[in-house]
Amino acid sequence: MNRYVSPGVLKEVLQAFSSDTEVVDIHTILPVRAIGKTVKASHKYQQIACSIREIGIVEPPVVCRDKQREGTYLLLDGHLRIDVLKELGETQVECLLALDDESFTYNKRISRLSAIQEQRMIAKAIERNVPKEKIAKALNINTRSLLRKAALVDGICEEVVALLKDKICPMATFDVLRKMLPIRQIEAAELLINANNYSVGYASAILAGTPQAQLVDTARPKRMKGMTAEALSRMESELAKLQQAITSIQDTYGQDHLYLTIARGYLAKLVGNPKIVKYLEKHHPEFLSEFKKIVEMTSTTGTD
């Protein structure tokens, strides 16, 4: 992290981590949380274990020196990796040394690997002639699943790949998008993003509301279990209206969000004034309760 004072004058450069990694004895690393049996039985744990067995540690664990006990380290990130290394009988590990105990969980600041990012990594590994069996073992999947992941974006237009590149989408969602023509794929991807819902069920609902002419196989009629042709036609109409409504909202969303943020700040000052609160309690208690609800909102979008 860089710290600057006046423009053009660099006072000091503060680093959050040491410039080099450091080899640390595993027995001197103190975890800050326990790894339960449920976690050890999870797919994620098994995937990490397989990856470490096949190719070793890819991302070094993050530790900081324990200020209370000399010669020991607090484990800030990498609990599963360290636990796997202990199970494998390893005695040392290369770590990234944090110069500060930030007292927050590093995992919360890490962007998880999306399906498209994983596909690109797999494709690059295959291009470099890494044996497919070795890649599959590292990911704890079979070769058939690996090939399916590698072909994830086949039939998906470039615009949609760009839109969903950092989104956590199930693989089956891409199977649904693949049934649509490129222009409809883009519209569907935008609907997924706007709803922040990337589930197969929602993608299938969009497919059901897609006109036959916008499907890759225009000759094959759409079918959904429990839905008649008339119901599918109504869904197409309703989805078109929804898209139009979303587009109109997007045009003013930024400005509306700004106004709401300013209004919330103003109400916070009112509610923080004892004289105003006393007046509202006496004359307009219904306003006061609503003002407090708005002020207590954790986000102007209504989400936590």
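Visitor: How many aromatic pairs does the structure hold?
Guide: In this predicted model, the rings of Phe287 and Phe291 form an aromatic pair, with 6.3 Å from centre to centre. The count of such pairs in the structure is one.

Visitor: Is the pair of Phe287 and Phe291 stacked, edge-to-face or tilted?
Guide: Planes under 30 degrees apart would count as stacked and those over 60 as edge-to-face, with the rest as tilted. Because the planes of Phe287 and Phe291 stand at 35°, the pair is tilted.

Visitor: What separates Phe287 and Phe291 along helix H13?
Guide: Helix H13 covers residues 285-295, and the two phenylalanines are four residues apart in that helix. Their separation is therefore about one helical turn.

Visitor: Do Phe287 and Phe291 count as buried, partly exposed or exposed?
Guide: Buried means under 20% relative accessible area and exposed means over 50%. Phe287 has a relative accessibility of 43%, and Phe291 has one of 22%. Because both values lie between those cut-offs, Phe287 counts as partly exposed, and Phe291 likewise counts as partly exposed.

Visitor: Which elements give two or more residues to the largest nonpolar core?
Guide: The largest nonpolar core has 25 residues, and those that touch the most other members are Ile116, Val160, Leu164, Phe174, Leu177, Met180 and Ile206. The elements that contribute two or more residues to this core are helices H4 (115-127), H7 (158-164), H8 (171-177), H9 (182-195) and H10 (200-208).

Visitor: Which residues are in contact with Val160, once its neighbours within four places in sequence are left aside?
Guide: Val160 is one of the residues that touch the most other members of the largest nonpolar core. With those sequence neighbours set aside, the residues in contact with Val160 are Leu177, Gln185, Ile186 and Ala189.

Visitor: Is H4 roughly parallel or roughly perpendicular to H6?
Guide: Two packed helices are described by the distance between their axes and by the angle between those axes. The axes of H4 and helix H6 (residues 143-150) come within 8 Å and cross at roughly 110°. Because angles of 65 to 115 degrees count as roughly perpendicular, H4 is, relative to H6, roughly perpendicular.

Visitor: Which residues make the contact between H4 and H6?
Guide: The helices in question are the two whose axes come within 8 Å. From H6 the contact involves Leu146, Lys149 and Ala150, and from H4 it involves Glu118, Gln119, Ile122 and Ile126.

Definitions and conventions: Residues numbered from 1 in each chain as written. Predicted model: local features only at pLDDT ≥ 70, side-chain atom pairs only at ≥ 80, totals over all residues. Heavy atoms only, no water. Phe/Tyr/Trp six-rings, centres within 6.5 Å; stacked < 30°, edge-to-face > 60°. Buried < 20%, exposed > 50% of the residue type's maximum accessible area, 1.4 Å probe, protein only. Core = buried A, V, L, I, M, F, W, Y, C linked by side-chain atoms within 4.5 Å. Contact = heavy atoms within 4.5 Å. Axes fitted to C-alpha atoms, helices over the stretch in contact; angles between N-to-C directions. Parallel < 35°, antiparallel > 145°, perpendicular 65-115°, else oblique.
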